[in-house]
Amino acid sequence: MKKFSVVIAGGGSTFTPGIVLMLLDNLDRFPIRSIKFYDNDAKRQKIVAKACEIYLKEHAPEIEFTYTTDPQRAFSDVDFVLAHIRVGKYAMRELDEKIPLKYGVVGQETCGPGGLAYGMRSIGGVIEILNYMEEYSPNAWMLNYSNPAAIVAEATRRLRPDSKILNICDMPIDLEEKMADMCGLKSRKEMQVSYYGLNHFGWWSEIYDKDGKDLMPEIKEHVAANGFADAIAKTDQHVDQSWLETFQKVRDVYAVDPTTIPNTYLKYYLFPDYVVEHSNPEYTRANEVMDGREKQVFGACKEIIEKGTSKECGFEPDVHASYIVDLACAIAKNTQERFLLIVPNEGAIENFDPSAMVEIPCVVGSNGYEKIVQGAIPRFQKGLMEQQVAVEKLTVEAWIEGSYQKMWQAITLSKTVSSAKVAKDILDDLIEANKDYWPKLS
Ligand code: NAD
Ligand code: G6P
Ligand code: MN
(Lines give C-alpha, C1' and ligand atoms only; values in the text may rest on other atoms or scores of the structure.)
(Ligands and ions follow the chains in the order given, each with its own letter.)
Protein backbone atom coordinates (compact mmCIF):
# COMPACT_ATOMS: atom_id res chain seq x y z
CA MET A 1 0.00 0.00 0.00
CA LYS A 2 1.22 3.51 -0.79
CA LYS A 3 2.61 5.38 2.19
CA PHE A 4 1.62 9.02 2.51
CA SER A 5 3.41 12.22 3.42
CA VAL A 6 1.47 14.75 5.50
CA VAL A 7 2.20 18.25 6.74
CA ILE A 8 0.35 19.67 9.74
CA ALA A 9 -0.01 23.41 9.25
CA GLY A 10 -0.31 25.01 12.63
CA GLY A 11 2.26 22.59 14.08
CA GLY A 12 2.17 24.52 17.36
CA SER A 13 -1.57 23.95 17.82
CA THR A 14 -2.92 22.44 21.02
CA PHE A 15 -4.57 19.81 18.79
CA THR A 16 -1.32 18.69 17.10
CA PRO A 17 -0.15 15.99 19.58
CA GLY A 18 -3.65 14.46 19.68
CA ILE A 19 -3.77 14.38 15.89
CA VAL A 20 -0.30 12.79 15.61
CA LEU A 21 -1.29 10.04 18.06
CA MET A 22 -4.57 9.56 16.21
CA LEU A 23 -2.63 9.19 12.92
CA LEU A 24 -0.43 6.54 14.56
CA ASP A 25 -3.54 4.65 15.70
CA ASN A 26 -4.74 4.51 12.09
CA LEU A 27 -1.58 3.49 10.25
CA ASP A 28 -3.14 0.18 9.16
CA ARG A 29 -5.59 2.00 6.92
CA PHE A 30 -3.64 5.21 6.32
CA PRO A 31 0.08 4.32 6.17
CA ILE A 32 2.44 7.26 6.62
CA ARG A 33 6.06 7.68 5.55
CA SER A 34 6.56 11.29 6.59
CA ILE A 35 5.03 13.77 9.04
CA LYS A 36 6.07 17.42 8.89
CA PHE A 37 4.99 20.31 11.08
CA TYR A 38 4.75 23.83 9.72
CA ASP A 39 4.02 26.97 11.74
CA ASN A 40 4.99 30.63 11.50
CA ASP A 41 5.77 30.76 15.24
CA ALA A 42 9.04 28.84 15.57
CA LYS A 43 9.16 29.04 19.36
CA ARG A 44 5.64 27.73 19.95
CA GLN A 45 5.97 24.99 17.36
CA LYS A 46 9.34 23.82 18.73
CA ILE A 47 7.85 22.79 22.08
CA VAL A 48 5.16 20.64 20.47
CA ALA A 49 7.55 19.32 17.80
CA LYS A 50 10.36 18.31 20.18
CA ALA A 51 7.90 16.35 22.29
CA CYS A 52 6.27 14.71 19.25
CA GLU A 53 9.74 13.87 17.91
CA ILE A 54 10.48 11.91 21.08
CA TYR A 55 7.07 10.25 20.97
CA LEU A 56 7.48 9.25 17.32
CA LYS A 57 11.01 7.88 17.90
CA GLU A 58 9.60 5.67 20.65
CA HIS A 59 6.43 4.56 18.87
CA ALA A 60 6.95 4.79 15.09
CA PRO A 61 10.66 5.22 14.31
CA GLU A 62 10.08 4.29 10.68
CA ILE A 63 8.18 7.56 10.08
CA GLU A 64 10.39 10.42 8.98
CA PHE A 65 9.66 13.50 11.10
CA THR A 66 10.66 17.13 10.57
CA TYR A 67 9.42 20.54 11.65
CA THR A 68 10.09 23.86 10.04
CA THR A 69 8.96 27.42 9.45
CA ASP A 70 10.28 27.29 5.89
CA PRO A 71 7.33 26.89 3.48
CA GLN A 72 9.37 25.19 0.76
CA ARG A 73 10.63 22.46 3.10
CA ALA A 74 7.23 22.05 4.69
CA PHE A 75 5.08 21.85 1.57
CA SER A 76 7.38 19.96 -0.82
CA ASP A 77 6.64 16.28 -1.40
CA VAL A 78 3.38 16.10 0.56
CA ASP A 79 0.11 14.32 -0.26
CA PHE A 80 -2.06 15.98 2.39
CA VAL A 81 -2.00 19.29 4.23
CA LEU A 82 -3.90 19.11 7.52
CA ALA A 83 -4.57 22.76 8.26
CA HIS A 84 -5.50 24.05 11.71
CA ILE A 85 -3.98 27.49 12.08
CA ARG A 86 -5.20 30.21 14.44
CA VAL A 87 -3.98 33.53 13.10
CA GLY A 88 -3.37 35.76 16.13
CA LYS A 89 -3.45 32.80 18.53
CA TYR A 90 -5.36 32.86 21.83
CA ALA A 91 -4.35 36.44 22.62
CA MET A 92 -6.50 37.58 19.69
CA ARG A 93 -9.28 35.06 20.43
CA GLU A 94 -9.54 36.67 23.84
CA LEU A 95 -10.06 40.10 22.25
CA ASP A 96 -12.57 38.69 19.72
CA GLU A 97 -14.62 37.51 22.67
CA LYS A 98 -14.14 40.46 25.05
CA ILE A 99 -14.58 43.43 22.69
CA PRO A 100 -18.21 42.63 21.69
CA LEU A 101 -19.06 41.76 25.32
CA LYS A 102 -17.97 45.27 26.31
CA TYR A 103 -20.95 46.47 24.25
CA GLY A 104 -23.36 43.82 25.54
CA VAL A 105 -23.00 41.69 22.40
CA VAL A 106 -22.19 37.95 22.14
CA GLY A 107 -18.44 37.39 22.41
CA GLN A 108 -17.66 34.12 20.66
CA GLU A 109 -14.81 32.60 18.67
CA THR A 110 -16.72 31.99 15.42
CA CYS A 111 -20.14 33.65 15.90
CA GLY A 112 -21.07 37.34 15.90
CA PRO A 113 -18.54 40.18 15.57
CA GLY A 114 -15.73 38.13 17.18
CA GLY A 115 -16.08 35.44 14.54
CA LEU A 116 -15.99 38.09 11.80
CA ALA A 117 -12.85 39.59 13.31
CA TYR A 118 -11.24 36.15 13.38
CA GLY A 119 -12.33 35.67 9.75
CA MET A 120 -10.57 38.87 8.71
CA ARG A 121 -7.36 37.41 10.20
CA SER A 122 -7.73 33.86 8.90
CA ILE A 123 -8.41 34.56 5.22
CA GLY A 124 -4.83 35.68 4.48
CA GLY A 125 -3.26 32.88 6.53
CA VAL A 126 -5.25 30.10 4.86
CA ILE A 127 -4.76 31.51 1.34
CA GLU A 128 -1.01 31.71 2.03
CA ILE A 129 -0.86 28.02 2.99
CA LEU A 130 -2.94 27.09 -0.05
CA ASN A 131 -0.49 28.99 -2.25
CA TYR A 132 2.47 27.12 -0.71
CA MET A 133 0.75 23.79 -1.27
CA GLU A 134 -0.04 24.59 -4.89
CA GLU A 135 3.49 25.80 -5.54
CA TYR A 136 5.40 22.93 -3.91
CA SER A 137 2.96 19.97 -4.09
CA PRO A 138 0.36 20.75 -6.75
CA ASN A 139 -1.25 17.31 -6.48
CA ALA A 140 -1.81 17.52 -2.74
CA TRP A 141 -5.16 17.98 -0.98
CA MET A 142 -5.72 20.38 1.87
CA LEU A 143 -8.08 19.19 4.61
CA ASN A 144 -8.92 22.44 6.31
CA TYR A 145 -10.51 22.86 9.72
CA SER A 146 -9.04 26.26 10.50
CA ASN A 147 -11.79 28.56 11.76
CA PRO A 148 -13.98 30.43 11.18
CA ALA A 149 -14.65 27.77 8.56
CA ALA A 150 -17.66 29.51 7.00
CA ILE A 151 -15.68 32.65 6.18
CA VAL A 152 -12.51 30.78 5.21
CA ALA A 153 -14.57 28.61 2.84
CA GLU A 154 -16.27 31.62 1.24
CA ALA A 155 -12.86 33.29 0.81
CA THR A 156 -11.37 30.22 -0.88
CA ARG A 157 -14.45 29.99 -3.14
CA ARG A 158 -13.95 33.60 -4.19
CA LEU A 159 -10.16 33.68 -4.40
CA ARG A 160 -9.05 30.09 -5.18
CA PRO A 161 -12.12 28.38 -6.72
CA ASP A 162 -10.15 25.55 -8.33
CA SER A 163 -8.08 24.62 -5.28
CA LYS A 164 -8.01 21.10 -3.90
CA ILE A 165 -9.31 22.08 -0.48
CA LEU A 166 -11.98 20.38 1.60
CA ASN A 167 -13.43 22.49 4.41
CA ILE A 168 -14.84 20.47 7.29
CA CYS A 169 -16.04 21.02 10.87
CA ASP A 170 -16.01 18.57 13.76
CA MET A 171 -19.11 19.85 15.60
CA PRO A 172 -21.62 17.76 13.60
CA ILE A 173 -19.38 14.72 14.11
CA ASP A 174 -19.47 15.15 17.87
CA LEU A 175 -23.23 15.74 17.86
CA GLU A 176 -23.88 12.75 15.59
CA GLU A 177 -21.91 10.58 18.02
CA LYS A 178 -24.19 11.85 20.78
CA MET A 179 -27.31 11.12 18.72
CA ALA A 180 -26.02 7.61 17.94
CA ASP A 181 -25.62 7.11 21.69
CA MET A 182 -29.22 8.28 22.27
CA CYS A 183 -30.37 5.52 19.89
CA GLY A 184 -28.14 2.82 21.37
CA LEU A 185 -25.94 2.66 18.28
CA LYS A 186 -22.19 2.09 18.51
CA SER A 187 -21.22 4.88 16.18
CA ARG A 188 -22.53 7.71 14.02
CA LYS A 189 -21.39 5.61 11.07
CA GLU A 190 -24.51 3.48 11.62
CA MET A 191 -26.66 6.51 10.75
CA GLN A 192 -27.51 8.19 7.46
CA VAL A 193 -28.34 11.87 7.82
CA SER A 194 -29.79 14.76 5.89
CA TYR A 195 -28.43 18.11 7.04
CA TYR A 196 -28.38 21.64 5.66
CA GLY A 197 -27.07 25.02 6.73
CA LEU A 198 -23.96 27.15 6.88
CA ASN A 199 -21.00 26.18 9.05
CA HIS A 200 -21.89 26.50 12.76
CA PHE A 201 -25.41 27.31 11.53
CA GLY A 202 -27.25 24.16 10.44
CA TRP A 203 -29.97 21.58 11.11
CA TRP A 204 -30.50 17.83 10.78
CA SER A 205 -33.74 17.17 8.91
CA GLU A 206 -33.69 13.36 8.65
CA ILE A 207 -31.76 10.59 10.41
CA TYR A 208 -32.13 6.88 9.59
CA ASP A 209 -30.33 3.77 10.73
CA LYS A 210 -28.76 1.29 8.31
CA ASP A 211 -32.09 -0.55 7.91
CA GLY A 212 -33.91 2.64 7.01
CA LYS A 213 -35.62 3.04 10.41
CA ASP A 214 -36.44 6.66 11.23
CA LEU A 215 -34.41 7.66 14.31
CA MET A 216 -35.76 11.21 14.57
CA PRO A 217 -38.58 10.43 17.05
CA GLU A 218 -36.16 8.91 19.57
CA ILE A 219 -33.58 11.68 19.14
CA LYS A 220 -36.25 14.38 19.43
CA GLU A 221 -37.48 12.91 22.69
CA HIS A 222 -33.98 13.20 24.16
CA VAL A 223 -33.28 16.65 22.76
CA ALA A 224 -36.67 18.01 23.92
CA ALA A 225 -35.86 16.86 27.45
CA ASN A 226 -32.14 17.64 27.80
CA GLY A 227 -30.67 18.90 24.55
CA PHE A 228 -27.50 16.91 23.90
CA ALA A 229 -26.62 16.90 27.61
CA ASP A 230 -27.68 13.36 28.52
CA ALA A 231 -25.81 11.69 25.64
CA ILE A 232 -22.23 10.61 25.55
CA ALA A 233 -19.93 10.86 22.56
CA LYS A 234 -17.32 8.26 23.40
CA THR A 235 -14.81 10.43 21.61
CA ASP A 236 -15.85 13.65 23.32
CA GLN A 237 -13.38 16.52 23.44
CA HIS A 238 -15.97 18.97 24.77
CA VAL A 239 -16.06 18.26 28.49
CA ASP A 240 -15.68 21.66 30.18
CA GLN A 241 -18.65 23.06 32.09
CA SER A 242 -19.30 25.79 29.52
CA TRP A 243 -19.67 23.14 26.79
CA LEU A 244 -22.03 21.08 29.00
CA GLU A 245 -24.21 24.18 29.35
CA THR A 246 -24.16 24.61 25.57
CA PHE A 247 -25.32 21.02 25.09
CA GLN A 248 -28.12 21.58 27.62
CA LYS A 249 -29.22 24.84 25.95
CA VAL A 250 -29.94 22.95 22.71
CA ARG A 251 -33.25 21.99 24.35
CA ASP A 252 -34.41 25.61 24.03
CA VAL A 253 -32.97 26.01 20.54
CA TYR A 254 -34.82 22.86 19.47
CA ALA A 255 -38.11 24.20 20.89
CA VAL A 256 -38.04 27.03 18.33
CA ASP A 257 -38.30 24.49 15.51
CA PRO A 258 -39.15 20.97 16.69
CA THR A 259 -39.17 19.61 13.12
CA THR A 260 -35.35 19.61 12.96
CA ILE A 261 -32.36 19.03 15.28
CA PRO A 262 -30.19 22.15 15.56
CA ASN A 263 -26.42 22.61 15.67
CA THR A 264 -25.29 23.85 19.11
CA TYR A 265 -23.95 27.12 17.64
CA LEU A 266 -27.47 28.38 16.86
CA LYS A 267 -27.82 29.38 20.51
CA TYR A 268 -25.64 32.44 19.82
CA TYR A 269 -28.11 33.69 17.19
CA LEU A 270 -31.43 32.62 18.75
CA PHE A 271 -30.61 33.36 22.42
CA PRO A 272 -27.99 36.12 22.31
CA ASP A 273 -29.47 37.83 25.41
CA TYR A 274 -29.13 34.61 27.41
CA VAL A 275 -25.56 34.12 26.16
CA VAL A 276 -24.52 37.65 27.16
CA GLU A 277 -26.15 37.29 30.62
CA HIS A 278 -24.24 34.04 31.12
CA SER A 279 -20.87 35.41 29.95
CA ASN A 280 -18.19 36.86 32.19
CA PRO A 281 -16.66 39.77 30.25
CA GLU A 282 -13.48 39.37 32.33
CA TYR A 283 -13.08 35.63 31.77
CA THR A 284 -14.24 34.08 28.50
CA ARG A 285 -13.78 30.73 26.72
CA ALA A 286 -10.30 31.88 25.53
CA ASN A 287 -9.26 32.18 29.19
CA GLU A 288 -10.69 28.74 29.95
CA VAL A 289 -8.74 27.25 27.03
CA MET A 290 -5.49 29.02 27.97
CA ASP A 291 -5.83 27.89 31.60
CA GLY A 292 -6.98 24.42 30.58
CA ARG A 293 -6.10 22.77 27.26
CA GLU A 294 -3.10 24.98 26.43
CA LYS A 295 -1.48 24.57 29.87
CA GLN A 296 -2.16 20.83 29.84
CA VAL A 297 -0.79 20.20 26.33
CA PHE A 298 2.26 22.44 26.65
CA GLY A 299 2.90 21.11 30.17
CA ALA A 300 2.92 17.54 28.84
CA CYS A 301 5.23 18.56 25.98
CA LYS A 302 7.70 20.21 28.35
CA GLU A 303 7.68 17.17 30.64
CA ILE A 304 8.46 14.83 27.73
CA ILE A 305 11.30 17.07 26.60
CA GLU A 306 12.78 17.32 30.12
CA LYS A 307 12.56 13.57 30.77
CA GLY A 308 13.68 12.70 27.26
CA THR A 309 10.93 10.08 27.05
CA SER A 310 7.21 10.01 26.34
CA LYS A 311 6.58 7.10 28.72
CA GLU A 312 3.64 7.87 31.03
CA CYS A 313 3.25 11.26 29.39
CA GLY A 314 0.01 13.19 29.23
CA PHE A 315 -0.44 12.69 25.47
CA GLU A 316 -3.75 11.17 24.37
CA PRO A 317 -4.89 10.33 20.85
CA ASP A 318 -7.62 12.67 19.66
CA VAL A 319 -9.98 9.82 18.79
CA HIS A 320 -12.71 12.17 17.65
CA ALA A 321 -10.31 13.55 15.00
CA SER A 322 -10.21 10.20 13.21
CA TYR A 323 -12.70 11.78 10.78
CA ILE A 324 -9.62 13.44 9.28
CA VAL A 325 -8.19 10.01 8.45
CA ASP A 326 -11.60 8.95 7.12
CA LEU A 327 -11.51 11.97 4.83
CA ALA A 328 -7.92 11.38 3.71
CA CYS A 329 -8.77 7.71 3.03
CA ALA A 330 -11.84 8.73 1.04
CA ILE A 331 -9.54 10.62 -1.32
CA ALA A 332 -6.60 8.20 -1.21
CA LYS A 333 -8.66 5.05 -1.58
CA ASN A 334 -11.84 6.30 -3.23
CA THR A 335 -14.00 5.01 -0.35
CA GLN A 336 -17.06 7.10 -1.37
CA GLU A 337 -17.83 7.77 2.30
CA ARG A 338 -20.34 10.48 3.27
CA PHE A 339 -19.19 13.63 5.11
CA LEU A 340 -20.75 16.95 5.92
CA LEU A 341 -18.57 19.40 3.98
CA ILE A 342 -18.72 23.15 3.43
CA VAL A 343 -19.20 23.48 -0.35
CA PRO A 344 -20.69 25.84 -2.97
CA ASN A 345 -24.48 25.38 -2.92
CA GLU A 346 -25.12 25.50 -6.67
CA GLY A 347 -28.65 24.14 -6.31
CA ALA A 348 -28.08 21.51 -3.62
CA ILE A 349 -30.40 23.58 -1.40
CA GLU A 350 -32.92 24.38 -4.07
CA ASN A 351 -34.38 27.62 -2.72
CA PHE A 352 -31.11 29.19 -1.52
CA ASP A 353 -28.35 31.38 -3.00
CA PRO A 354 -26.40 29.17 -5.47
CA SER A 355 -23.16 30.99 -4.61
CA ALA A 356 -23.44 30.37 -0.84
CA MET A 357 -20.97 28.04 0.88
CA VAL A 358 -23.31 25.57 2.57
CA GLU A 359 -22.73 22.65 4.93
CA ILE A 360 -24.39 19.54 3.47
CA PRO A 361 -23.71 15.81 3.08
CA CYS A 362 -21.29 14.94 0.29
CA VAL A 363 -19.85 11.70 -1.03
CA VAL A 364 -16.05 11.86 -1.14
CA GLY A 365 -13.81 9.89 -3.50
CA SER A 366 -10.49 10.24 -5.26
CA ASN A 367 -11.72 13.04 -7.50
CA GLY A 368 -13.16 15.12 -4.69
CA TYR A 369 -16.77 15.39 -3.55
CA GLU A 370 -20.24 14.99 -5.01
CA LYS A 371 -23.02 16.87 -3.27
CA ILE A 372 -26.22 15.26 -2.05
CA VAL A 373 -29.22 17.43 -2.90
CA GLN A 374 -31.15 18.59 0.16
CA GLY A 375 -34.09 20.07 -1.76
CA ALA A 376 -36.07 23.07 -0.54
CA ILE A 377 -35.68 24.22 3.06
CA PRO A 378 -38.32 25.77 5.35
CA ARG A 379 -38.88 29.52 5.57
CA PHE A 380 -37.54 29.85 9.14
CA GLN A 381 -34.15 28.32 8.34
CA LYS A 382 -33.99 30.05 4.96
CA GLY A 383 -34.63 33.43 6.56
CA LEU A 384 -31.91 32.94 9.14
CA MET A 385 -29.45 31.61 6.56
CA GLU A 386 -30.09 34.47 4.09
CA GLN A 387 -29.13 36.95 6.79
CA GLN A 388 -26.06 35.02 7.96
CA VAL A 389 -24.72 34.25 4.48
CA ALA A 390 -24.91 37.96 3.68
CA VAL A 391 -22.88 38.68 6.84
CA GLU A 392 -20.22 36.17 5.76
CA LYS A 393 -20.08 37.37 2.15
CA LEU A 394 -19.86 41.02 3.21
CA THR A 395 -16.93 40.15 5.49
CA VAL A 396 -15.03 38.45 2.67
CA GLU A 397 -15.80 41.38 0.35
CA ALA A 398 -14.58 43.78 3.06
CA TRP A 399 -11.29 41.84 3.20
CA ILE A 400 -10.86 41.72 -0.60
CA GLU A 401 -11.81 45.37 -1.18
CA GLY A 402 -10.44 46.84 2.07
CA SER A 403 -13.93 48.24 2.65
CA TYR A 404 -14.83 49.78 6.03
CA GLN A 405 -18.41 50.21 4.80
CA LYS A 406 -18.88 46.52 4.04
CA MET A 407 -17.38 45.45 7.34
CA TRP A 408 -19.71 47.83 9.17
CA GLN A 409 -22.63 46.38 7.19
CA ALA A 410 -21.51 42.82 7.99
CA ILE A 411 -21.44 43.48 11.74
CA THR A 412 -24.70 45.46 11.59
CA LEU A 413 -26.44 42.60 9.80
CA SER A 414 -25.31 39.94 12.30
CA LYS A 415 -28.34 38.70 14.22
CA THR A 416 -26.26 39.05 17.40
CA VAL A 417 -25.99 42.86 17.02
CA SER A 418 -28.85 45.21 17.88
CA SER A 419 -27.95 48.40 16.00
CA ALA A 420 -25.65 50.02 13.46
CA LYS A 421 -24.33 52.29 16.25
CA VAL A 422 -23.26 49.33 18.37
CA ALA A 423 -21.81 47.69 15.24
CA LYS A 424 -19.69 50.76 14.52
CA ASP A 425 -18.40 51.00 18.10
CA ILE A 426 -17.40 47.34 18.02
CA LEU A 427 -15.84 47.64 14.57
CA ASP A 428 -13.71 50.62 15.57
CA ASP A 429 -12.37 48.70 18.59
CA LEU A 430 -11.75 45.60 16.47
CA ILE A 431 -9.83 47.61 13.88
CA GLU A 432 -7.54 48.99 16.57
CA ALA A 433 -7.02 45.52 18.12
CA ASN A 434 -6.38 43.85 14.75
CA LYS A 435 -4.09 46.44 13.19
CA ASP A 436 -1.27 43.89 12.77
CA TYR A 437 -3.56 41.39 11.02
CA TRP A 438 -6.41 42.96 9.04
CA PRO A 439 -6.03 44.68 5.69
CA LYS A 440 -6.39 48.44 6.04
CA LEU A 441 -10.08 49.39 5.79
CA SER A 442 -11.16 52.70 4.28
P1 NAD B 1 -3.55 27.24 18.66
O2 NAD B 1 -3.41 28.72 18.76
O3 NAD B 1 -3.12 26.38 19.76
O4 NAD B 1 -2.75 26.75 17.36
C5 NAD B 1 -2.74 27.40 16.15
C6 NAD B 1 -1.33 27.47 15.59
O7 NAD B 1 -1.41 28.12 14.32
C8 NAD B 1 -0.34 28.28 16.45
O9 NAD B 1 0.80 27.51 16.76
C10 NAD B 1 0.02 29.46 15.55
O11 NAD B 1 1.35 29.90 15.70
C12 NAD B 1 -0.23 28.89 14.17
N13 NAD B 1 -0.42 29.89 13.13
C14 NAD B 1 -1.08 31.06 13.22
N15 NAD B 1 -1.03 31.70 12.04
C16 NAD B 1 -0.33 30.93 11.19
C17 NAD B 1 0.05 31.07 9.83
N18 NAD B 1 -0.29 32.14 9.10
N19 NAD B 1 0.80 30.09 9.27
C20 NAD B 1 1.16 29.01 10.00
N21 NAD B 1 0.81 28.82 11.29
C22 NAD B 1 0.08 29.78 11.87
O23 NAD B 1 -5.09 26.98 18.29
P24 NAD B 1 -6.03 25.72 18.52
O25 NAD B 1 -7.01 26.04 19.58
O26 NAD B 1 -5.23 24.51 18.68
O27 NAD B 1 -6.86 25.70 17.18
C28 NAD B 1 -6.29 25.59 15.91
C29 NAD B 1 -7.31 25.83 14.83
O30 NAD B 1 -8.19 24.73 14.69
C31 NAD B 1 -8.22 27.03 15.07
O32 NAD B 1 -8.48 27.68 13.83
C33 NAD B 1 -9.47 26.41 15.59
O34 NAD B 1 -10.55 27.27 15.46
C35 NAD B 1 -9.53 25.23 14.69
N36 NAD B 1 -10.43 24.14 15.07
C37 NAD B 1 -11.39 23.84 14.18
C38 NAD B 1 -12.26 22.83 14.41
C39 NAD B 1 -13.35 22.57 13.41
O40 NAD B 1 -14.28 21.90 13.69
N41 NAD B 1 -13.30 23.13 12.21
C42 NAD B 1 -12.15 22.08 15.57
C43 NAD B 1 -11.15 22.39 16.50
C44 NAD B 1 -10.29 23.44 16.21
C1 G6P C 1 -16.04 22.82 18.08
C2 G6P C 1 -16.13 23.52 16.77
C3 G6P C 1 -14.80 24.07 16.38
C4 G6P C 1 -14.25 24.96 17.46
C5 G6P C 1 -14.20 24.22 18.78
C6 G6P C 1 -13.87 25.20 19.87
O7 G6P C 1 -15.32 21.64 17.93
O8 G6P C 1 -16.60 22.72 15.74
O9 G6P C 1 -14.94 24.77 15.18
O10 G6P C 1 -12.96 25.41 17.13
O11 G6P C 1 -15.42 23.63 19.06
O12 G6P C 1 -13.46 24.54 20.98
P13 G6P C 1 -12.69 25.28 22.17
O14 G6P C 1 -12.47 24.17 23.14
O15 G6P C 1 -11.41 25.83 21.58
O16 G6P C 1 -13.60 26.35 22.66
MN1 MN D 1 -16.34 23.85 13.78
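Axes here are lines fitted to C-alpha atoms over the stretch in contact, and angles between N-to-C directions run from 0 to 180 degrees. Helices (H or I, at least four residues) and strands (E, at least two) are DSSP runs, numbered from the N terminus.

A word on ground rules: this is a predicted model, where local features need pLDDT of at least 70 and side-chain atom pairs count only at pLDDT 80 or more, while totals for chains, interfaces and linings use all residues. Residues are numbered from 1 along each chain as its sequence is written, chains are lettered from A and ligands numbered from 1 in the order in which they are written, and side-chain values use heavy atoms, with hydrogens and water left out.

Back to the helices. Helix 14 passes helix 15 in a left-handed crossing, meaning that the near helix is turned anticlockwise from the far one by less than a right angle (clockwise would be right-handed). The other pair is helix 1 (residues 16-25) with helix 2 (residues 42-59), packed at about 20° with axes 10 Å apart. Helix 1 and helix 2 are therefore roughly parallel, and their crossing is right-handed.

Now for the ligands. Ligand 1 has 25 residues around it, and Ser 13, Thr 14, Asp 39, Tyr 90 and Tyr 118 come nearest; "around" means a heavy atom within 4 Å. By class, that shell has nine nonpolar, eight polar and eight charged residues. Ala, Val, Leu, Ile, Met, Phe, Trp, Tyr, Cys and Pro count as nonpolar, Asp, Glu, Lys and Arg as charged, and the others, Gly among them, as polar.

Ligand 2 has 14 residues around it, with Arg 93, Asn 147, Asp 170, Arg 285 and Arg 293 nearest. Its shell splits into five nonpolar, four polar and five charged residues. Helix 12 (residues 285-307) gives the most to this shell, with three residues.

| Side chain | Ligand | Distance |
|---|---|---|
| Asp 39 | ligand 1 | 2.6 Å |
| Arg 86 | ligand 1 | 2.9 Å |
| Asn 147 | ligand 1 | 2.9 Å |
| Arg 285 | ligand 2 | 2.6 Å |
| His 238 | ligand 2 | 3.0 Å |
| His 200 | ligand 2 | 3.2 Å |

Taken alone, ligand 1 exposes 860 Å², of which the protein buries 96%. For ligand 2 the exposed area alone is 390 Å², and the protein buries 92% of that. These areas come from the Shrake-Rupley method with a 1.4 Å probe.

Most residues other than glycine have a negative phi, and most peptide bonds are trans. The bond from Asn 147 to Pro 148, though, is cis, with omega near -15°, and Pro 148 lies in the loop between strand 5 (141-144) and helix 6 (149-159). His 200 has a positive phi of about 55° although it isn't a glycine, and it lies in the loop between strand 7 (191-198) and strand 8 (201-209).

Methods. A polar contact is a pair of N or O atoms within 3.5 Å; within protein, one must be able to donate a hydrogen and the other to accept it, and residues adjacent in sequence count only if both atoms are side-chain atoms. Angles under 35 degrees count as roughly parallel, over 145 as roughly antiparallel, 65 to 115 as roughly perpendicular and the rest as oblique.
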